[in-house]
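Biologist: Hi, could you walk me through this one? I have some questions ready.

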Amino acid sequence: MPVRVRRIRNRFLRGAAGVLVSPVVYARDFRYINYELRGKRVLYYVEVFLTPRCSLRCTYCAACMPSYTERYDIPFETVEASLRAFLDNIDFIENLRLLGGEPFVYPDLDRVVAYLRTRRDKIGNIRIVTNGTIVPQTERLLSALNDRKVVLDISNYGEHSRKKEALLALSKRYRFRVNLGPQLRFSIPDMNYTKRGMADHLLAHKFSACGEHCRLIRDGKLFYCGPSFWTMFIEGADVSGDYVDLLHNAHPETLRQQIHELYFEKPFLRGCDYCPGSFLHRPLVIDAGKDQLPVGGEQPFGMPPGFSEVQRRRI
């Protein structure tokens with residue numbers, strides 16, 4: 001069965017089975033089928049990394065933010081150009097999430113949201129993931145949030161998300177959507193990104209069993225997943241086939257096809273040979289917020305277990 005036909009069949013079966021349980025959620029499957037039959041490309045999810053700076057210091061941060069020894073922001077021009085290249089070469093993205101670190105410490109968040117609102121015909125939801133510690137104050141940012149497509153996802157870190165109630169009140173005043181779930185829990189990450197020498201058929205099995213298919217736009221590149229980026233960043237491995245260069249592409253005329261192949265046609269990633277495995281398969285053992293690192297001191301930012309001294313220096 002051709003890959004395209006199989007994708008349509010799987011989407012239809014999943015949507016038909018789920019529509020009775022959650023019509024809103026599974027409507028996206030039928031939208032996907034509609035686009036696919038018309039030769040359009042609709043994608044479900046992409047993350048956009050803005051900054052590693054954060055107002056919390058969780059030892060076991062799922063995004064490994066405490067591992068950074070350098071605090072910096074991705075320049076707005078890089079973020080905007082990356083988003084433009086990405087959106088120009090797809091037809092629709094269901095969920096586009098802005099991540100850090102903490103997005104509310106990113107100085108140009110209002111400009112990023114304002115730009116995305118100009119591309120609203122290609123975006124289902126503009127989601128901002130915050131830890132609930134900062135309430136935005138500037139009128140420009142609050143005005144940018146005032147849009148039915150903007151969703152504020154509050155990661156609930158219990159008592160450390162001390163501004164979550166204020167954010168809920170703000171959402172009513174400025175009329176933007178907000179999600180606040182129960183307190184999160186962390187697994188202990190394994191950061192042992194070393195080459196394992198696995199055979200291709202084992203890499204394909206590992207890839208198909210992985211639940212971490214979270215596409216990531218970072219530094220002008222579209223990565224298949226966060227661990228693929230970490231493989232390159234920590235280990236210095238050549239994972240050029242695991243991402244699409246959005247800004248300095250040798251063949252920009254085929255960028256649309258490259259994005260399609262990254263999302264749908266990969267049998268496995270080269271980074272799978274370095275990846276210690278998805279955190280989704282590890283037990284959740286720590287309540288989020290209960291493993292905060294102290295502010296100040298000789299090591300203000302911790303390093304999750306598994307980092308070698310070489311890897312520490314690279315970060």
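Biologist: Among contacts between residues at least 6 apart in sequence, what share join residues at least 24 apart?

Modeller: That share is 78% in this protein. Keep in mind that this is a predicted model.

Biologist: Good to know. What is the mean pLDDT, then?

Modeller: The mean pLDDT is 80, and 72% of the residues reach 70 or more. Over residues 294-315, pLDDT stays under 50. The model has 48 contacts beyond four places in sequence for that stretch.

Biologist: And how many helices and strands does the protein have?

Modeller: The secondary structure comes to 10 helices and 10 strands. Of the 315 residues, 50% count as buried.

Biologist: Let's talk strands. In which sense do E2 and E3 pair?

Modeller: They pair in the parallel sense, over five bridges. Ile93 has Ile123 in E3 as its bridge partner. The chain gets from E2 to E3 through H4, and this β-α-β crossover is right-handed.

Biologist: What about E3 and E4, parallel or antiparallel?

Modeller: Parallel, over five bridges. Ile128 stands opposite Leu152 in E4. Here the chain crosses from E3 through H5 to E4, in a right-handed β-α-β crossover. Another facing pair is Ile126 with Val150 of E4.

Biologist: How many residues of E4 are buried?

Modeller: Five of its five residues are buried. Val150, Leu152 and Ile154 point one way, while Val151 and Asp153 point the other way. In a regular strand, side chains alternate between the two faces of the sheet. E3 is mostly covered too, with eight of its eight residues buried.

Biologist: Nice. How many salt bridges are there by that rule?

Modeller: The count comes to 13. One of them joins Asp88 and Arg119, whose closest N and O atoms are 2.8 Å apart. Asp88 lies in helix H3 (residues 76-88) and Arg119 in the loop between helix H4 (109-118) and strand E3 (123-130), so the bridge ties together parts 31 residues apart in sequence.

Biologist: Is Asp88 buried or partly exposed, and what about Arg119?

Modeller: Asp88 is partly exposed, with a relative accessible area of 46%. Arg119 is buried, at 14%.

Biologist: Which residue does Arg117 bridge to?

Modeller: Arg117 forms a salt bridge with Asp147, with the closest N and O atoms 3.0 Å apart. Arg117 lies in helix H4 and Asp147 in the loop between helix H5 (139-145) and E4, so this pair ties together parts that are 30 residues apart in sequence. Arg117 is partly exposed at 26% relative accessibility, whereas Asp147 is buried at 7%.

Biologist: Last topic: where is Leu216?

Modeller: Leu216 is in strand E7 (residues 216-218). Leu216 counts as buried, at 8% relative accessibility.

Biologist: And what does Leu216 touch, leaving out residues up to four places away in sequence?

Modeller: Leu216 touches Val46, Glu47, Phe49, Lys221, Leu222, Phe223, Gly226 and Phe229. Glu47 is 169 residues away along the chain, yet the C-alpha atoms of Leu216 and Glu47 are separated by 4.7 Å.

Definitions and conventions:
Residues numbered from 1 in each chain as written. Heavy atoms only, no water. Salt bridge = Lys/Arg side-chain N within 4 Å of Asp/Glu carboxyl O. Helix = DSSP H or I, 4+ residues; strand = E, 2+ residues; numbered from the N terminus. Buried < 20%, exposed > 50% of the residue type's maximum accessible area, 1.4 Å probe, protein only. pLDDT = per-residue confidence, 0-100. Contact = heavy atoms within 4.5 Å. Pairing = 2+ DSSP bridges. Right-handed = clockwise from strand over helix to strand, strands pointing away.
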